[in-house]
Amino acid sequence: MLLCPLDDLRPGMTVGASIMHPERPTMELLRAQTALDERMIRRLADMGVSEAWVDASGTEDLDLSVMGTELTDAQRKLFTDLSGALGKTSRKTLSSAQIGALTGAVGGFVSQIVANKTNASLTSRLRGGDDPLFAHCSSVAYLSVLTGLAIEEYVIEERASIANVRHAKDLTGLGLAGMLHDVGKTTLPPKLRDTHEVNLDPNAFPPEYEDHTIAGYQLLDSSTIPASAKLAVLLHHERVDGSGWPQASKLGSRFSETPDGTRLHVFARILAAANVLDNLLRKAESLKQPPIVALHAFQGERFTGWFDPVIRGAMLRQLPPFAVGTKVGLDDGRDCVVVRPNPEYPCRPVVRPLGGDASTPVIDLSLQPDRLVARASGHPVDNLLYELDADDSEWCRRAA
């Protein structure tokens, strides 16, 4: 299959994977194996669909499990469970029944990700949603768990106080924290419910917006959710350079941190990065921009000092800028399909020229410095290409 921008769709092409409504992740617009016609393509454009999987020659040998289609049902269930639970949240607490339902959903979700972690982590992300807040929380849970799995050894090291390794690497609490990190926003005025820090003007920051982390912690304080999840919810806007909010120094000695932020719980550090990255991805998607726009921003100078470099590096490797199956254009004019990513050189994937078949030789762009991806999803991207920094590369070698 080939992931094509909508402008490249033509009558007669066959849909390769279900096309879902961009605002309603449970609504299937077109089923796989549907033959496209002009009316369908126009209708997809009217609904805001920006790209679609289609059958294409020369892609038959690609690994379908890395194309982001396997976990769709699990992600939809996570979204549905979260929406139902938070939609009934009071301003005082979450009921034990709600916590039980969420814990069960996260447990099943983590199990599915573990079973597919080698491949599914490469591209898939829950998109859209009837309620943007619910969809965002589901996506952050997903990104957080994927990252925790990718740096399992690091998570265990950072949780050295837990003697049982099996418990130290258990990510259920991280998944719960991701799902509930913005539960405090249910107590805010409606205009702030779907507000996110990366989209706010620093000079016009609503003071009450900062209350949502403390409100979220208070909602969870008397629940049976693990303490690690509660802390992550409270501190997911803290930064490793000691900035951010709420200031840990104001929350009591057990929340204190060293100047470099390493005292922040590793789940809080993962959640902080996943929260920002998902917001950047959603903003790019709303503007019909390819994921590389968000990933380029995420690794850029704007967020210097915000994130643990090990965690940021893991996320940049988990979500390559050009997903397997994506149609890209090289700077020499050739159209290609991405065959596999290069984790240490994210913007230099292995590609295959279109127009041939599965026997057409591939091009490893990491070995051809004079060639680069110039277009993706119908957008110029040659000015957005990036490399992992030294800390990220060091962890790549360590993890390998």
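Predicted model: local features only at pLDDT ≥ 70, side-chain atom pairs only at ≥ 80, totals over all residues.
The protein contains 14 helices and ten strands. Of its 400 residues, 53% are buried. The accessible surface is about 17,200 Å². Carbon and sulfur atoms contribute 50% of that surface. Contacts were also sorted by distance along the chain. Among contacts with a separation of 6 or more, 67% join residues 24 or more positions apart.

Helix H4 covers residues 132-150. Its 19 residues should span 27 Å at 1.5 Å a residue. The C-alpha atoms at its ends are 27 Å apart, which agrees with that expectation. In H4, 17 of the 19 residues are buried, so the helix is largely enclosed by the rest of the structure.

A packed pair of helices is described by the angle between the two axes and the distance between them. For H11 and H12, the axes come within 8 Å. They cross at roughly 140°. The crossing is right-handed. On the H11 side, the contact is made by Ala 273, Val 276, Leu 277, Leu 280, Leu 281 and Ala 284. H12 contributes Pro 291, Val 293, Ala 294, Leu 295, Ala 297 and Phe 298.

The loop between H11 and H12 holds Lys 288. Phi of Lys 288 is near 60°, a positive value in a residue that is not glycine. Lys 288 is partly exposed, with a relative accessibility of 39%.

Eleven salt bridges were found in the whole structure. One of them joins Asp 308 and Arg 269, with the closest N and O atoms 2.8 Å apart. Asp 308 lies in the loop between helix H12 (291-298) and helix H13 (309-318), whereas Arg 269 belongs to helix H11 (residues 266-286). The pair therefore ties together parts that are 39 residues apart in sequence. Both partners were checked for burial. Asp 308 has 5% relative accessibility and counts as buried. Arg 269 is also buried, with a relative accessible area of 5%.

A salt bridge within a helix gives another picture. The side chains of Arg 42 and Glu 38 meet at 3.9 Å, N to O. Both residues lie in helix H1 (residues 38-46). They are four residues apart, about one turn of the helix. Arg 42 and Glu 38 are both exposed.

Arg 371 and Asp 332 form a further salt bridge, at 3.7 Å from N to O. This pair links distant parts of the chain, 39 residues apart. Arg 371 is in the loop between strand E8 (363-364) and strand E9 (373-376). Asp 332 is in the loop between strand E5 (327-330) and strand E6 (335-340). Asp 332 is partly exposed, its relative accessible area being 33%. The two residues also belong to a network of salt bridges, together with Asp 331 and Arg 334.

Two further backbone features fall in loops. A cis peptide bond joins Trp 245 and Pro 246, with omega about -10°. Pro 246 is placed in the loop between helix H10 (227-235) and H11. Ser 377 has a positive phi of about 55°, although it is not a glycine.

Terms used. Residues numbered from 1 in each chain as written. Heavy atoms only, no water. Helix = DSSP H or I, 4+ residues; strand = E, 2+ residues; numbered from the N terminus. Expected span 1.5 Å × (residues − 1). Buried < 20%, exposed > 50% of the residue type's maximum accessible area, 1.4 Å probe, protein only. Salt bridge = Lys/Arg side-chain N within 4 Å of Asp/Glu carboxyl O. Contact = heavy atoms within 4.5 Å. Areas by Shrake-Rupley, 256 points an atom, 1.4 Å probe, with all protein chains shown as cover. Axes fitted to C-alpha atoms, helices over the stretch in contact; angles between N-to-C directions. Left-handed = near helix turned anticlockwise from the far one by under 90°.
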